[in-house]
Amino acid sequence: MDLLEEQAASRVPELVPVRYGRMLASPFAFYRGAAYLMAADLASTPRSGISVQACGDAHVSNFGLFGSPERELLFDINDFDETLPGPWEWDVKRLGASLAVAGRNNGFADGECREVITTSVGDYRTAMREFASMRNLDVWYSRLQVQEGLPQLQALLSKKGLKEAERLVEKARTKDSLQAFDKLTHVVDGEPRIVSDPPLIVPIEELLTADQAATFLERYHELLRTYRRSLLGDRRHLLEDFRFVHMAHKVVGVGSVGTQAWIILMLGRDNGDPLFLQAKEAQDSVLAPFVGKSRFANQGQRVVEGQRLMQAASDIFLGWERTEGLSGGKRDFYIRQLRDWKGSWPPEAMDPRVMSVYGRMCARTLARAHARSGDRIAIAAYLGASDVFDRSIATFAEAYGDQNERDYQALKDAAASGRVVAETGV
């Protein structure tokens with residue numbers, strides 16, 4: 001609990017109860033919000049001595065679908081808030097333990113959980129050995145295209161599972177700025193405005209007085225102007241064809257609750273041409289106390305540079321900026337589209353067969369990300385050809401599942417005793 005409270009001290013105070021409430025939803029929800037706890041635990045474990053650009057929070061829910069600039073639907077890592085150079089095995093352990101926790105959460109038998117973990121980690125190992133034998137450019141261009149991968153799933157999933165996968169793919173294609181515009185805005189005095197849904201979505205005018213809001217909005221106009229400098233020239237030109245319309249504070253995720261996150265509505269040609277951006281606060285990575293600080297002074301740049309290095313293709317509007325936060329003081333942000341064909345398969349909806357397939361996809365994707373940034377030949381040699389590593393990670397993951405349950409119970413006890421305040425159902 002002390003480490004959780006230590007991390008909470010850097011968050012927006014009034015949102016910390018929401019964060020605790022979301023973590024109390026289940027042991028898996030707790031695990032999602034406890035990346036700092038696990039980093040502290042991993043720091044005391046042996047290391048291979050081989051570093052990569054680590055995700056820092058490579059649990060199974062931080063992988064999913066998104067649209068590439070070429071409008072292909074890809075499967076990749078989709079959260080880089082904690083990315084930093086660090087031990088590659090920490091990411092593998094975080095992924096393996098997430099499968100253990102998610103499997104238990106779904107009521108899988110012990111043997112089913114272990115099978116999910118070992119097959120997934122085995123795919124990381126075999127994929128890394130494949131990448132080790134490839135040319136540098138072939139590794140860099142490697143990507144998991146969803147449409148091409150669907151036929152391969154026919155032999156792995158049941159008819160019901162395959163149908164659900166196809167449904168998720170089609171649903172992801174509808175999640176874009178136009179869908180967000182229809183869902184998140186209404187018209188006020190002839191101009192679109194972001195709807196109010198406190199405490200999850202709060203428009204700027206409800207947070208501040210009129211004078212304060214005017215000053216703050218001018219500050220964000222400046223943020224958008226200087227943020228453009230972090231984009232490539234063609235994307236900067238595209239952004240300049242949109243005008244700022246409105247913004248609101250939006251609570252996101254589990255571990256991110258309590259950091260400042262804004263959604264920004266911009267319009268192009270007319271009301272049928274919206275662009276929703278998300279400006280998300282970037283703090284020090286949870287890995288930093290244990291592997292050293294980032295070489296980037298701006299934490300938003302740390303996130304962006306790490307994402308570009310690990311991901312097969314990144315959002316065309318991905319950039320960073322530093323500005324004064326709502327409560328004062330300089331804060332770092334990274335900026336991206338709010339929705340761009342995003343989608344994922346909730347672990348809670350997976351049976352053992354589906355989780356095994358999904359875990360293998362995550363593991364291969366993680367191997368590719370590590371192969372791009374680290375010494376893939378050295379990692380492949382370390383892993384070897386046998387399943388010793390797979391079984392070792394499975395044993396660790398099962399033990400860490402026990403640890404996660406103890407930590408989850410400690411948070412439940414703290415909330416019940418009043419030591420921490422948790423707001424559930426938000």
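Guide: Let's start in the sheet: strand S9 (residues 243-250) and S10 run antiparallel, joined by 6 bridges. This is a predicted model, where local features need pLDDT of at least 70 and side-chain atom pairs count only at pLDDT 80 or more, while totals for chains, interfaces and linings use all residues. Residues are numbered from 1 along each chain as its sequence is written, and side-chain values use heavy atoms, leaving out hydrogens and water.

Visitor: What makes S9 and S10 a pair?

Guide: Two strands pair if DSSP finds at least two bridges between them, and S9 and S10 have 6. One example is His249, whose bridge partner in S10 is Trp262. The strands themselves are DSSP runs of E, at least two residues, and helices are runs of H or I, at least four residues, all numbered from the N terminus.

Visitor: Which strand pairs with S10 over 7 bridges?

Guide: That's S11 (residues 274-281), again in the antiparallel sense. Ile263 has Gln278 in S11 as its bridge partner. S10 and S11 form a hairpin, with 6 residues between them.

Visitor: Why is S10 called mostly covered?

Guide: Buried means under 20% relative accessible area, exposed means over 50%, and partly exposed is in between (1.4 Å probe, protein chains only). In S10 (residues 261-267), 7 of 7 residues are buried. Ala261, Ile263, Leu265 and Leu267 point one way, Trp262, Ile264 and Met266 the other, and all are buried.

Visitor: What makes S8 and S12 edge strands?

Guide: The open sheet has 6 antiparallel strands in the order S8-S9-S10-S11-S13-S12. S8 (201-203) and S12 (319-324) each have a single partner strand, so one side of each is left without a neighbour in the sheet. S12 is joined to S13 (residues 330-337) by 6 bridges, and Trp320 stands opposite Tyr334 in S13.

Visitor: How do you know that H5 and H6 are roughly antiparallel?

Guide: Helix H5 (residues 88-105) and helix H6 (residues 110-132) pack at about 155°, with axes 9 Å apart. Axes are lines fitted to C-alpha atoms, for helices over the stretch in contact, and angles run from 0 to 180 degrees between N-to-C directions. Under 35 degrees counts as roughly parallel, over 145 as roughly antiparallel, 65 to 115 as roughly perpendicular and the rest as oblique. So H5 and H6 come out roughly antiparallel.

Visitor: Why is H4 described as largely enclosed?

Guide: In H4 (residues 35-42), 7 of the 8 residues are buried, so the rest of the structure largely encloses it. The buried ones include Tyr36, Leu37 and Met38.
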